[in-house]
Structure formats: C-alpha cells, structure tokens
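Let's take a walk along the place where two chains meet. Have the structure open and follow along.

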Amino acid sequence: MTIKPLADRILIKMEEAEETTKSGIVLAGSAKEKPQIAQVIAVGPGGVVDGKEVEMYIKTGDRVITSKYSGTEIKLDGEEYTIVRQSDVLAVVE
Amino acid sequence: MTIKPLADRILIKMEEAEETTKSGIVLAGSAKEKPQIAQVIAVGPGGVVDGKEVEMYIKTGDRVITSKYSGTEIKLDGEEYTIVRQSDVLAVVE
Amino acid sequence: MTIKPLADRILIKMEEAEETTKSGIVLAGSAKEKPQIAQVIAVGPGGVVDGKEVEMYIKTGDRVITSKYSGTEIKLDGEEYTIVRQSDVLAVVE
Amino acid sequence: MTIKPLADRILIKMEEAEETTKSGIVLAGSAKEKPQIAQVIAVGPGGVVDGKEVEMYIKTGDRVITSKYSGTEIKLDGEEYTIVRQSDVLAVVE
Amino acid sequence: MTIKPLADRILIKMEEAEETTKSGIVLAGSAKEKPQIAQVIAVGPGGVVDGKEVEMYIKTGDRVITSKYSGTEIKLDGEEYTIVRQSDVLAVVE
Amino acid sequence: MTIKPLADRILIKMEEAEETTKSGIVLAGSAKEKPQIAQVIAVGPGGVVDGKEVEMYIKTGDRVITSKYSGTEIKLDGEEYTIVRQSDVLAVVE
Amino acid sequence: MTIKPLADRILIKMEEAEETTKSGIVLAGSAKEKPQIAQVIAVGPGGVVDGKEVEMYIKTGDRVITSKYSGTEIKLDGEEYTIVRQSDVLAVVE
C-alpha cells in the first residue's frame, strides 16, 4: 500500500529529534516541541496548482525542514507521516 | 437518483477506519477523529473555476486522503457522503 | 411579478426535506438542519463577474445541492426563496 | 442638489416593505428586518474599477434586491438613501 | 505649507453637517455621527498603484461623500483634514 | 554605519510634533498620539516587489506623512527611526 | 552538515544586541526585545515563487534588519538560526 501525493504535495516522515548530540539539528525551544526535520518519502507530480505551473525541486530521500504547524498528519502501519505542500519546505539539510 | 458534482468537485464516501489492522492506514490522533480515507463515487467535469482552467486528475473509484474539515456532508439512502473540491484531495492511496 | 437574478446568481427554492423516505436525500445531522436540496427557479445571464467571464451551466428546473449558509433569503407571495451564486452550487441531483 | 455615484456605484432608495399584501415581496424573518427592495435613483459611469473594466447593467428606475448590510446610508432632504456597488445588487424585480 | 497627496490619494476637509436645514444632506443616524460630505483640497497624481494604472477623476473643489471610517486624519493650522484614497469616494454632490 | 532600505522601503525619522505652533501640522487627537510627519533619510532602489515593478517617487530629504501604525521601528546611535514601504506614505509636505 | 534554504528564503543568525554601545543599532523598546540585526549565513536560489520570478539581492555575509516575528527558528550545533523570506528583510546595514 502506497500513498501518492497529488499536485505540489509531498509525503514526509519526521525524524526523531536527537536532542543530546552536539552536531545534530535540534529545534529551538523546549525539548517537547515538534521536530521539524523530516525525510521525504514521496513527491507529487507538480503541474498547474491554483492556476500556476509548479515544478517540483524536492526529491524523494531529501532531508527537509518544514514550517511548524503545516501539513496534515496520517498514520500508516503504525507510523506517523505528514503531507505538506512543497512551498511549506523551508530548507534542505545536507 | 444520482448526484453529479459540478465544476472541480468530487463526491466521496468515507471508509470505515480499520483501527486494529497493522497494514491499514489510520488517522493520527484519537480513535474518535473523523477518518480521512474515502472512495471517490463521482467526479465533476472540471473546466473554468474562478477564472482558471481546472483539469480533473481524480477518477471514480480512486481511494483518496482529504483535508480534515473540508467539504460538505450529505445523506443519500441513509449513507453519508461528502462533496469536496479536487484541490482538497491530498493524496491517492494505491 | 418576477425576480431576475443578475450576473452569476440563481434563484432557488428549497424543497421540503423528506426525512422519512429511505430513497430520499436527507442532509446529515439533526432533522432541524436547513435542507440543502433546491429547485432552480431562475438563472442569471452570467457574463463578466469580478473581471472573469462566467458561463451559466445551471438551468431553470435543475434540482441542486448548495453550500449551507450561502445566499440571501427573500420572501415572495408568502414563500421563501434564496439567491445564490452559481459557484455555491455543489451538485445537480438527477 | 444631486448625488452622482462614482465608478461602479449606484444610489438607491429602499421601498417601504408592504408587509400585509399577499403578492408583495417581503423579506424573510421578522417584520423588523431592513427591507431589501429598492428603487434605483442614479447610476455611476462604470469604467475601470480595481483594474477591471466594469459595465453598468443597472439602470435608473430599476427595482432591485440588494444584499443586506451592503452599502453606505446617507440622508437627503430628510429621506434616506443608500449607495451600493453594482455587484451588491442580487436581482432586478419586474 | 502645503500637503501634496501621493498616488491615488486626495486631501479632503469635512464640511460642518447642517443638521437643521431641510435641503441639506445629513448623514443617517444620530446627530453625533461623523459627517461624510467633504470639500476636496488637493488631489494626488494617480499613476500605477498596486500594479494598476489609476486615473484621477476627482478634482480639487469637488464636494464628495466618502465611506465612513476611511482615511487618515491630520491637523493643519488648527483645522482637521483627512487623506483618503480616490476609491473611498462614493459620490460627487452637485 | 548606514542603513540601506531594500526594495520599496524607505528609512524615515519622525519629527518632533510642534504642538504649540499655529502653522505647524499636528496630528488629530490627543497630544500623546504618535507624530506622523517624518524626514526621509534613505530610499530603497525599488524594482520588482511582489511581482510588480515599483518606481520610487519619494526622495531623500522629503518631509512625509505616513499611516499610523505602519512600519518597523529601529534605534541607531540612540535615535529612533522607522522603515516603511513607499505605499505607506500618504503625502509629501512642502 | 549544511542547511540550504529553498526558493526565496535565507538563513540568518541574529547578532547579540550591543545594548551599551553608542554607535550600535539597538532595537526600539525595552532591552528584552528580540534583536533584529542578523548575519546572512546562506541564501536560497530564488526562481519562481507563488508564480512570480524572484531574484535574490541578499548575499551571504550581508548584515540585515528583518521584520520582528518573521521566520522560523531552528537550532544547529547549539546555536539558534532563523529562516526568513527575502521579502522579510527590510534593510542592509553597512
């Protein structure tokens, strides 16, 4: 069973925040804030969204930082995923 | 008696959330949240919506995930349906 | 005395909700919710609305489902009508 | 002294609601609601409004139904008038 | 010292509401409401505003009716003026 | 150290409101309201802002009236400045 | 590990506000307000954002003033960064 995002949406899975490592990225604020780094699981086809051509520059496997509170959460095989619009992705982590 | 959605709207029927299966998709949060996976029953013709050409990429029979809270609920022969805009469909499940 | 809707507006008359029939469409929720199926009494000419060309695809005599809360109610010869925009019509019932 | 509406605006005068006649249009709700049928007293020239060309299809002398709460009220020679945009006129009554 | 309005703005001075004359325009509501008839003192040059070409049709010396609550009030030599956008002017009084 | 405004922004410094002079412009309302006349210290280059070409017509040295509450305040060498968009400037005072 | 901002976004690091120096820029208001001067660490590629071509004029190493409350904060190696859109940058400090 696979989830295929539509239009300019991407399916991401939040990484566990590594709060103790010195070289890991940890979100600002308390340790209980929702982590913002995620792995890209699937990418929509892009195309015309709201009357504008959208090209997808995010790729499956990218590690991304997204806006807090953006997207819709779903559960698959007991794990949580989020569907966000590509424009809600702020940066790629390399 | 049939319902023909207009413009970029589609008629969907929510599936019962299978909360116990390990391979089924279950929405995040408590078991009482409204399920988000639905079967597409009918699809509007698309065309010019808000001055922009909309092409329908959702097909009758698709299983889809929609935004929570989107759409209008109606009852037909004792069963509940929802009418949503195609742009409220986040992903197709295969 | 006749009412001629302007631009992309249509004049509709809500049907009485048949709450007991098994094959009738009944709105979800309590029996006291406002019915959403209506008969189309008159249709505006369409044309340029908000700078965009609007073509009328709703016809007089259509039975339609509209968004709740949309439109303006008026009374004519003791009966209630509603004026809605064509874009507030979700589906045609056949 | 005359009032010349600008752009896509029209000057209207509300008719007294004839609450007792059976063939008159009376607004839904209590008898104390503001009447919505008005006589058109003057019509603006139309032209470019918000960057879009607007053609005036309402004419002086028309009897019109407007959205409740729309427009600005003014008093002239002791009588109340309202200035509304043409797009706030829902229908013409003939 | 002169004030030159910019873009599509005009400088107006509210007339004293003549509340007792029978032929004067008096705003609806209580006598304490802000008067809406004003003399035009200066007119901006128009031009491109928000990416759209705006032509000024209001002239210095016009008597105008404006939307309530629109504009910014300033004081010059002890007298109060208001700066409004031309699109906030509803009608010209002649 | 200099501040160079970007895009359609300008750096202004509020003049002290001369509340006692008869020929000075004093803002309406109580003497404690924020003054609205300012000296233009620096002007951004204009260019494409929100997809629209913006030409700067405000010049360094202009005395301007701005909307209340617009802009962002900063402190430089102990003095307060404000950065506003050119479109927030209502008028030039000469 | 590097963070690559996407589209019209830039990665900035807030400077410590030097509240005691006479030549330093200190934000208006109390000493506890969030500082607004930041060093630009990385700049996105620009391109089509919301259907409009955006050219990046901010460069890595620029010192910039941003709108308060704009952007998303992240933590990297124990230090706090912010990701903002280029249009949230008000001015460059030289």
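Start with one pair of side chains: Glu94(D) forms a salt bridge with Lys4(C), and their closest N and O atoms sit 3.1 Å apart. Keep in mind that you're looking at a predicted model.

On the chain C side, strands S1 (3–5), S8 (72–76) and S9 (79–85) each bring at least two residues to the face that touches chain D. S8(C) gives the most, with 5 residues. Sort that face by class and you get 8 nonpolar, 4 polar and 7 charged residues.

Now look at S1(C) again. This strand is joined by 3 bridges to strand S10 of chain D, residues 89–93, and the two run antiparallel. Within that pairing, Ile3(C) stands opposite Val93(D) in S10(D).

Finally, zoom out to the whole interface. Here 19 residues of chain C are in contact with 20 residues of chain D. The area buried between the two chains is about 1,700 Å², and carbon and sulfur atoms give 58% of it. Which residues of chain C lose the most area to chain D? They are Met1(C), Leu6(C) and Lys75(C), together making up 32% of what that side buries.

Key
Residues numbered from 1 in each chain as written. Chains lettered and ligands numbered in written order. Predicted model: local features only at pLDDT ≥ 70, side-chain atom pairs only at ≥ 80, totals over all residues. Heavy atoms only, no water. Contact = heavy atoms within 4.5 Å. Buried area = accessible area lost by both parts, 1.4 Å probe. Salt bridge = Lys/Arg side-chain N within 4 Å of Asp/Glu carboxyl O. Helix = DSSP H or I, 4+ residues; strand = E, 2+ residues; numbered from the N terminus. Nonpolar A, V, L, I, M, F, W, Y, C, P; charged D, E, K, R; others polar. Pairing = 2+ DSSP bridges.
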